[in-house]
Amino acid sequence: MTGADVLLLALGAVAVGAGVLVVTTKHLVRAGLYLVVCLGALAGDFLVLSAELVAWVQVLIYVGAVVVLLLFAVMLTRAPIGASDDLDRPGWPAALIGGGAGLGLTALLVDAYRWSTVALLSAGTAERLGEQIFQSWVLPFEVLSVLLLSALVGAIVLSRPDIGRPPGRATAAPTELADAEPGGRR
């Protein structure tokens with residue numbers, strides 16, 4: 001076992017551990033930060049596998065954009081930052097589904113390859129990757145960018161209470177707030 005193999009396994013263990021923490025924590029912001037650790041460990045795996053471009057795209061797109069967008073959406077919508085009882089659900093259904101999916105994929109791979117060796121393709125270049133992305137995969141990238149933009153606009157709209165009210169009523173009067181509360185004073 002070489003040093004690269006040990007590093008690959010260690011980064012894989014960090015990614016799996018952080019992934020487990022993402023789905024088991026009750027703190028939404030901590031889940032986002034654990035996701036950063038998980039995606040960073042995957043980028044490290046790509047670096048060990050000599051796929052530098054994919055590693056930096058992983059860091060720029062997923063860590064730098066998607067997770068930051070998630071954290072901004074949490075902060076803009078004023079979601080609860082601390083522990084949330086809504087996130088405390090029984091874990092056995094998820095473990096059962098995840099374990100079944102893992103066993104199914106393992107059986108599929110074992111059946112497909114029967115422990116045979118697979119010849120590796122020649123190393124790709126950034127030019128070939130760019131041609132594939134901007135010729136064959138440009139539409140999914142554009143759809144994803146529109147989806148992320150609409151999610152950000154939706155978070156901003158949800159975070160602003162003055163949107164959708166008549167122009168003269170930007171904020172609610174204190175008596176309206178008391179009436180709106182359950183058991184409020186009149």
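1. Basis of the model. Because this is a predicted model, local features need pLDDT of at least 70 and side-chain atom pairs count only at pLDDT 80 or more, whereas totals for chains, interfaces and linings use all residues. Residues are numbered from 1 along each chain as its sequence is written, and side-chain values use heavy atoms, with hydrogens and water left out.

2. Overall make-up. The protein has seven helices and zero strands, and its pattern along the sequence is α-α-α-α-α-α-α. Helices (H or I, at least four residues) and strands (E, at least two) are DSSP runs, numbered from the N terminus.

3. Burial and surface. Of the 186 residues in the protein, 12% are buried; buried means under 20% relative accessible area, exposed over 50%, and partly exposed in between (1.4 Å probe, protein chains only). The protein exposes about 14,200 Å², and carbon and sulfur atoms supply 70% of this area. Accessible areas come from the Shrake-Rupley method with a 1.4 Å probe; for residues, only the protein chains shown count as cover.

4. Contacts along the chain. Among contacts between residues at least 6 apart in sequence, 58% join residues at least 24 apart. Contact means heavy atoms within 4.5 Å.

5. Helices α1 and α2. The axes of α1 (residues 3–24) and α2 (28–48) come within 8 Å and cross at roughly 160°. Axes are lines fitted to C-alpha atoms, for helices over the stretch in contact, and angles run from 0 to 180 degrees between N-to-C directions. The angle makes α1 roughly antiparallel to α2; angles over 145 degrees count as roughly antiparallel, under 35 as roughly parallel, 65 to 115 as roughly perpendicular and the rest as oblique. The crossing is left-handed, that is, the near helix is turned anticlockwise from the far one by less than a right angle. Residues making the contact include L7, L11 and A18 of α1 and L35, C38 and D45 of α2. By class, the contact of α1 with α2 divides into 17 nonpolar, three polar and one charged residue. Here Ala, Val, Leu, Ile, Met, Phe, Trp, Tyr, Cys and Pro count as nonpolar, Asp, Glu, Lys and Arg as charged, and the others, Gly among them, as polar.

6. Helices α3 and α6. The axes of α3 (residues 52–76) and α6 (residues 138–159) come within 8 Å and cross at roughly 15°, which makes α3 roughly parallel to α6. This crossing is left-handed. L69, A73 and L76 of α3 meet L148, L152, A155, I156 and S159 of α6.

7. Residues of α3. Q58 lies in helix α3 and is buried, with a relative accessible area of 8%. Leaving aside neighbours within four places in sequence, Q58 is in contact with L39, L42, A43, F46 and V63. M75 is also found in α3, but is partly exposed, at 48% relative accessible area. M75 and I156 are 81 residues apart in sequence and 9.9 Å apart in space, C-alpha to C-alpha.

8. Backbone at S50. S50 is placed in the loop between α2 and α3 and has a phi near 65°, a positive value in a residue other than glycine. Most residues other than glycine have a negative phi. S50 is exposed, with a relative accessible area of 55%.
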